[in-house]
Amino acid sequence: VPDDYGTIQEAIDASQDGDIIIVSENTYYESIDFKNKEILVSSTDPNDWDVVSATVINGNGAAITVKAATGAQLIKSSQLSGFTVTGGNYGVCSKYLNRLVISNCIISGNNDHGVECNDGGFGTIQNCIIKDNVNMGVYIGSGASATIANSSIYGSKIGVYLDYAII
């Protein structure tokens, strides 16, 4: 993206399990849905924080900016790596038996939660900076589970909130 597809969501829609979608530096005003696909969506260099800061998914007021929550009964693992996620009510959301691995991301400036795992969702948050989201950095609720490793969470009213969850 944007060489082969105009938006990240168009690339996801065209992808199949096992695909890797590489996204160039830019600000993408959209919300994306993994649609229960076992894929990796990555910036050009998720290990370079300058690239991560310059590869932005801005939800532009959307309810959820990045979603892995289709309600499918098959557990699949989607991956998001090397992005700044901002501008949504929820930055990143995993629900309904979906597994989402978030790595080397900056999740900031969302109007409610930075990351939400809820309703049986599974999440792995590694090497991330989750900061300055209005209410909670990370919300883990209702039958969900999450692993948080080597990440900084700060600047929200609540850092990590557990509500009938496993961490």
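Trainee: In which sense do strand 2 and strand 5 pair, and over how many bridges?
Mentor: Strands of a sheet pair through backbone hydrogen bonds, either parallel or antiparallel. Here, strand 2 and strand 5 (residues 55-58) pair in the parallel sense, over four bridges. Strands are DSSP runs of E, at least two residues, numbered from the N terminus, and two of them pair if DSSP finds at least two bridges between them. By the way, this is a predicted model, where local features need pLDDT of at least 70, side-chain atom pairs count only at pLDDT 80 or more, and totals for chains, interfaces and linings use all residues. Residues are numbered from 1 along each chain as its sequence is written, and side-chain values use heavy atoms, with hydrogens and water left out.

Trainee: Which residue is the bridge partner of Tyr 28 in strand 5?
Mentor: That's Ile 57. Ile 57 also stands opposite Val 85 in strand 8. Strand 8 (residues 84-86) runs parallel to strand 5, joined by three bridges.

Trainee: In what order do the six strands of the open sheet come?
Mentor: The order is 2-5-8-11-14-17, with parallel pairing. Strand 2 (26-29) and strand 17 (152-154) are at the edges with a single partner strand each, so one side of each has no neighbour in the sheet.

Trainee: Are the residues on the two faces of strand 5 buried or exposed?
Mentor: In a regular strand the side chains alternate between the two faces of the sheet. In strand 5, Thr 55 and Ile 57 on one side and Val 56 and Asn 58 on the other are all buried. Buried means under 20% relative accessible area, exposed over 50%, partly exposed in between (1.4 Å probe, protein chains only).
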